[in-house]
Every structure is written in structure tokens, then in C-alpha cells.
Amino acid sequence: MRIGILDYGAGNLASVERALCCLGAEAERITEPERIASADALVLPGVGHFSAFVDGICVTGLAPALQAAIHRGVPVLGICLGLQAMFSGSAEAPGKKGLGLFPETVCALPESVKSPHIGWNQLRRTRESALLRSVPEDAHFYFAHSYAAPAGGAAVVAVCEHGFPFSAVIEKGNLMAVQFHPEKSGVAGARVLANFLKAVR
């Protein structure tokens, strides 16, 4: 199984790559659009600014190939900024368009709480989830973000609370995404990645 990790110049790719390889997947960093077509599934990792993702996939030419793969039904997992990039845009980078796979706009965490939201937190499931299958209800996951997607979308399967409820896990067809970092979330995070790989098979 070949999992393509989009390398658009952001950091944190090595930890995602290692986590997938430990689960038996063949992970490959993708920097060239033509390599996307041969991947069984794609991962959109993310650490940094919303504009870094948008500009990165445009400069590298990955954006059209990524959109084509999504429309072909290739399984895609967004992680942290990768989740946010699936939306139409973000308050972090006004005027920059996201992938537009979900219509809502990502917003900043409220000023009433510490931002960025860094550390361990729990989820509240709103419906059945493929990514969270066999994951204990009281499991903790590692978060590191200052912006979040609203929790009311139809694709949301789990939310987290930090100042307000936000989307923690999204699933719609071949699209899956998590706001937390599964590669840094211990046993529970490894189960989430294993569930994604199982969905690819």
C-alpha cells in the first residue's frame, strides 16, 4: 500500500512518515504532481500558517493533481492544518482560498482561552466514526493549533472543546481529517492511523 504524503514545504513530515511505516504502509513524500496518480491514498500534513499550505501546493503544482485525485475517490487524510485546508478559507489568511471541499470558513480560537491550544484533550463523538473505531471514548489526543473549523458541519463526527466546540474529526466519503496530531497521540493516535489504512484497503 503506497501512501503519498504531500510535501509542500511544511515541517513535521518525518513523524507522520514514521508513524505510517510502523503500521506497515509504504509512505512516500510527494513533491511532484505526477506522483500523486500512483498513490493508493494521500495524507495532507500540516504545521504552520494556512497560507503556507495554499501557496505551497500552488507553487509546487500539486493543487490540480490533488483535486483530481479527490474527485477520483482516492482516500485522503488531513492532519491539523491539512484539515483546515479542506475548507473554503481561514481567518488566518483572509483572501486565500482553501481546497473548498467543505463550505465553512476556519476561525480563530476565542480570546477567552489560551491560544494556541497545545496539549492533550478529549473528543466528543457526534456520530459513528470509521477513524475512531476501537478507540476508547475517554482517549486523549495531542493538539497544537490556533485556528479551528466550526463544529456544525454535516461531515463532523467528533468535536473538541477549547473556548468553543470545534471540528476534531471529519469524515465524508473518501475525505477524512483530524485536527489533532495522531502521530503524536500515542496508542490512540496509532489506532486512528491504522483505521485510515484499513479504510484504504
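The model is predicted. It holds five salt bridges. Three residues, Arg2, Glu28 and Arg35, are linked in a salt-bridge network.

- Arg2 and Glu28 meet through their side chains in a salt bridge, at 2.1 Å from N to O.
- This pair links distant parts of the chain: Arg2 sits in strand S1 and Glu28 in strand S2, 26 residues apart.
- Glu28 also forms a salt bridge with Arg35, with the closest N and O atoms 2.9 Å apart.
- Arg2 is buried, at a relative accessible area of 18%.
- Arg35 is partly exposed, at 35% relative accessibility.

- Helix H1 spans residues 13-22, and its buried residues are Leu13, Ser15, Val16, Ala19 and Leu20.
- The cover over these buried residues includes strands S1 (2-6), S2 (26-30), S3 (41-44) and S4 (76-79), along with helix H5 (186-200).
- Glu17 forms a salt bridge with Arg29, their closest N and O atoms being 2.9 Å apart.
- Glu17 lies in helix H1 and Arg29 in strand S2, so this pair ties together parts 12 residues apart in sequence.
- Arg29 is partly exposed, with a relative accessible area of 37%.

**Positive patch on the surface**
- Arg133, Arg191, Lys198 and Arg201 gather in a surface patch of positive charge.
- Arg133 is found in the loop between strand S8 (124-125) and strand S9 (140-145).
- Arg133 is partly exposed, with a relative accessible area of 42%.

Definitions and conventions: Residues are numbered from 1 along each chain as its sequence is written. This is a predicted model: local features need pLDDT of at least 70, side-chain atom pairs count only at pLDDT 80 or more; totals for chains, interfaces and linings use all residues. Side-chain values use heavy atoms; hydrogens and water are left out. Patches are made of residues with over 30% relative accessible area and no salt bridge: like charges are joined within 9 Å, nonpolar side chains (Val, Leu, Ile, Met, Phe, Trp, Tyr) within 5 Å. Accessible areas come from the Shrake-Rupley method with a 1.4 Å probe; for residues, only the protein chains shown count as cover. A salt bridge is a side-chain nitrogen of Lys or Arg within 4 Å of a carboxyl oxygen of Asp or Glu. Lys and Arg count as positive and Asp and Glu as negative; His and the chain ends are not counted. The place of a charge is taken as NZ of Lys, CZ of Arg, CG of Asp or CD of Glu. Helices (H or I, at least four residues) and strands (E, at least two) are DSSP runs, numbered from the N terminus. Buried means under 20% relative accessible area, exposed over 50%, partly exposed in between (1.4 Å probe, protein chains only). Contact means heavy atoms within 4.5 Å.
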